[in-house]
Amino acid sequence: MTKSEKMLESSQLYIQLKKIIATDLHVLILVTLLAGAFILVSPFDQTIFRIPFALIFLLFLPGYAFISALFPRNDDLDGIERFTLSIGLSIAITIFDGFALNYTPWGFRPLPIVVSLILIIFIFTIVAYFARRNVSEDVRFSVSFKDIVESVRADENEKPSDIEKALIIALVISIIIAGGMVVYAKLTFPEERFSVMYLLGSGGMAEDYVTDLYLGVPCETTVGIENHEGRSVNYILQIRLDGNVLDTMEVAIDDGATWLENVSYVPNRIGDNLKLDFLLFEDEVSAKPYRSTHLWVLSDIDYSDAGTLQDYIIKSGLFVRNWDMGQNRDWNYVENGDNFTGGYVTSHSISSDRSFEISYPSQTRSSPGFFGEIYQYITTGEDGLAVLSFDVLDSRTSNETQGYHFKQVLVDDRVVWEDDTAGDEGWQHVRVPVFLSNSSKVALRLFEKKGVGNFGINTWWDSVKIERFSVGDPFSVSVSDVDVSGPDAESSVVLRGEPFSIGAGQDVVIDGSTFGGFYYEIDDVRSYECLNLSFSGDGIVEVGGAVYTAFSRSGVFRFMGFDGHRSLDPDMADLLSEVLLDGGNCSISANKPVLPGGGYAMTYRDDDDGSSVIEFGKNDVLLKSFDVSDGGVFVYDAALNGVEAEILEFKVDSVVNGTVYLEDVCLYSNEPVMIEVGNIYGNFEVVDIAVDMIVMKNVERIMLDPGRDVAVMDGRMNLKVAKGGDVAYPYVEKEFDGSFVVRGSVHDISEGQNVVISGRNYSPFSYDLDTNNTDYGLTLLFSGDGYVSSGDAVLVKRYGGDMFEFLGYEHNISKPSSVSGSPIVEMIKPSLVLNETMELKRGYALSIADLNPATDHALLELWKDGEVVDMAIINDGTRVYEYREDDVLIFKCQVNDVFETKLLFKYVLLYAKQPVEMRVGDRYGQFKVTEITDDSIVLANFESIRFMPGEVTSLLDGAVYARTSSGGFVAYPYAIERGG
């Protein structure tokens with residue numbers, strides 16, 4: 001090979017080598033990825049290479065990428081200038097990136113710092129790549145070893161330029177000055193004295209902290225304290241939750257030493273987004289800590305840990321002044337919006353003849369954050385758990401203002417319950433667990449989450465009480481709390497329809513207008529279930545003579561045990577899916593999943609990239625994940641029996657501090673029920689299926705024998721037959737927890753109508769089918785549409801025997817002529833656990849001294865002022881226990897069931913020892929006593945009664961309510977049964 005050929009080959013090799021080596025951007029990306037791995041990824045982060053890669057990553061790479069993007073030409077800067085600027089700009093970029101991260105949810109932590117810097121380097125590198133492509137190759141910046149060597153050789157023979165001289169001189173002077181300052185500081189300045197405190201998570205890093213706490217359950221956090229004070233220090237470490245001290249400990253640390261321990265503490269508060277402070281003091285606790293840090297935590301109730309919760313239950317001092325809003329005192333009204341109004345009114349009430357109304361007018365613009373509220377301070381004398389109960393009603397009956405007006409209840413300025421006024425809930429009886437301090441502020445408010453310019457709103461608040469907390473208490477709360485449950489005690493109620501003749505030739509129609517067990521919609525003025533009975537003989541219905549029809553309302557059927565099933569096929573109602581959630585609201589956080597039934601679960605988690613994810617699954621199988629970080633509407637569909645059906649739909653309102661707030665949650669079962677002609681349900685067969693109805697007929701003769709109860713329609717309905725065998729009425733017994741609405745027949749309330757409400761058409765009033773007697777009769781004469789004048793509403797209550805039930809309270813009759821007796825002051829349906837005490841009133845309490853579930857024996861003790869006054873044995877033969885003083889009945893209870901560690905009561909009754917006499921003139925809501933005889937008491941309304949369209953009217957001090965249709969022409973009476 002000739003010399004010229006060798007030179008040509010060497011030149012080509014150089015060009016290829018230069019192309020490979022000069023691609024510094026590839027090297028930059030490679031070193032960046034290696035640095036990220038050696039800083040964050042195990043086991044590389046445990047090697048000796050972690051520190052050098054971290055220094056290069058923080059002090060050189062970001063600045064070099066930035067310089068490469070700004071100066072793509074070779075002649076822009078020389079090597080020394082690029083190197084110097086790369087270091088300086090790297091320091092600046094790292095500092096500003098740290099400042100920015102400190103104000104984000106990710107915070108100033110190793111992971112977000114490394115990830116954000118890698119992202120910055122990649123962005124600058126991409127910009128540099130395209131900037132260099134726009135520059136011709138002969139002047140494009142590149143790096144090669146040959147250029148570096150030639151540059152060094154040239155520097156040996158050439159004098160440096162003025163700029164290079166200045167940079168060299170500046171660099172030497174900087175080194176001399178910096179070195180001199182270090183020496184001077186070391187020799188003349190005193191060593192800095194300081195202490196360091198920090199928190200570490202589960203992995204020993206400054207992340208993954210335990211933030212889900214439970215009341216009374218010990219929790220640990222790793223705390224580190226470093227002493228650089230130049231002396232031994234006796235530190236005091238104090239832990240506070242929401243400002244309340246959890247623990248205080250002394251920590252003695254020698255100079256230069258580090259104290260690193262797992263610190264245990266016990267949460268004594270419940271609530272979302274509580275501040276958990278770690279405060280460090282020197283020598284003694286002062287107003288201002290020497291060092292401090294904190295975590296934001298959620299503290300909840302662990303209902304499975306009954307023993308722990310007992311230590312936090314407030315046992316006395318549970319009293320709300322003017323709880324029934326009956327007087328103009330104790331409640332303070334405030335507002336921060338000029339147009340809110342508040343005051344006591346008589347138009348709506350529960351516990352007395354009045355409630356407190358908070359209103360915002362229509363045609364008036366509001367702003368987010370405006371509110372009107374009433375409040376008072378509750379003094380309990382101790383900190384602990386209690387139950388806050390209240391009744392609330394709002395004037396909205398549609399969803400057109402959804403997301404704007406909210407009802408809220410706050411304890412110590414923290415929201416413990418809220419509900420959108422949109423929708424038609426009627427009176428809501430709400431019970432929520434709360435944590436009270438020695439003196440807690442309880443506030444009820446109407447709150448604006450979004451500004452409105454048209455829609456007004458009225459809210460009425462009543463019957464605000466503080467009750468004793470029970471581990472097994474069934475709280476009547478929103479769907480967001482469905483996972484908060486204990487061992488509930490079920491109650492039952494009988495829904496009864498109007499009696500009818502069962503003689504030969506009778507054609508009877510039973511529907512929701514006369515039978516509370518069938519589905520009826522007052523605003524539609526329509527029953528969606530109907531049973532026709534044709535009697536061929538006395539009490540005899542032949543095969544095919546009983547026809548049951550179920551109609552759909554907006555595609556939803558309620559029939560034959562299939563309460564709340566949606567039709568999936570738009571052309572035929574033969575494929576039904578159970579409705580589990582129907583447009584409710586809820587919230588989900590990491591420790592509070594939503595368990596709506598049917599095996600479904602909705603859980604929440606935070607991804608490493610900071611996104612918020614809701615996982616939807618069934619029976620521990622994941623069905624779909626939703627990234628809800630940006631809000632919106634989310635849907636999950638599935639193919640069911642060849643039909644594409646919606647299973648889940650929800651709207652994300654907001655994501656705040658690890659909690660996702662959902663609206664309009666609709667959930668349906670993915671296990672549909674197929675309804676076909678010929679299907680048998682009990683003694684009925686499906687004979688016809690259409691788009692909006694399902695028709696069935698009886699396949700067996702129905703025989704109604706005198707004095708018998710007969711189950712029909714697969715047990716959905718029972719028929720009670722009089723002993724005489726000539727009449728019967730339909731009824732169904734429902735079990736429930738919390739509360740249940742028991743309604744009566746629907747009545748025309750137009751002008752001239754004379755409506756009679758009695759036990760014949762209203763289940764809460766007693767009725768004897770055999771004698772056709774009822775002890776209650778309420779007559780309403782309407783002088784106008786929905787209007788009853790003063791004196792035109794008359795209630796007659798008859799009584800006999802020793803017991804007298806009046807408006808929900810029972811009395812022992814001692815003087816019938818004046819109805820003087822001992823009223824029951826407490827009537828509840830609770831459960832009682834062994835070694836617990838049920839606090840009653842006036843110093844009485846009930847406890848279980850011994851319990852043997854094998855023989856169904858229990859020994860009950862009745863206490864008075866801390867001493868046992870009586871004992872009773874409960875067994876299969878004796879389930880009722882009575883206690884008397886001076887022949888006056890004081891206490892009575894009946895046990896329903898005996899379990900391994902608890903008793904379930906049907907009722908617990910405590911009577912007043914001193915008789916209370918009812919007199920003419922006594923008032924009950926809009927009614928007052930007008931007459932008392934030997935066998936009855938008569939009341940009449942002393943003020944007019946107005947049944948407003950679409951609203952609820954309280955009668956007789958809340959013992960009876962009436963719901964009016966939106967058209968205002970019909971209404972039905974109802975009562976709210978409390979149970980559990």
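**View 1. Asp 865 lies in the loop between strand E59 (857-864) and strand E60 (867-874).** Strands here are DSSP runs of at least two residues (E), and helices are DSSP runs of at least four (H or I), both numbered from the N terminus. This is a predicted model, in which local features need pLDDT of at least 70, side-chain atom pairs count only at pLDDT 80 or more, and totals for chains, interfaces and linings use all residues. Residues are numbered from 1 along each chain as its sequence is written, and side-chain values use heavy atoms, with hydrogens and water left out. Asp 865 is not a glycine, yet its phi is positive, near 55°. With 57% relative accessibility, Asp 865 is exposed (over 50% relative accessible area; buried is under 20% and partly exposed in between, with a 1.4 Å probe and protein chains only).

**View 2. Asp 330 sits in the loop between helix H9 (306-310) and strand E9 (332-335).** Here is another residue to look at for its backbone: Asp 330, a non-glycine, has a positive phi of about 75°. Its relative accessible area is 22%, so Asp 330 is partly exposed.

**View 3. Six strands form an open sheet in the order E47-E50-E52-E67-E66-E65.** The pairing is antiparallel, and two strands count as paired if DSSP finds at least two bridges between them. Strand E47 (754-758) and strand E65 (923-924) are at the edges; each has a single partner strand, so one side of each has no neighbour in the sheet.

**View 4. Strand E47 meets strand E50 (residues 776-781) in an antiparallel pairing.** Five bridges join E47 and E50.
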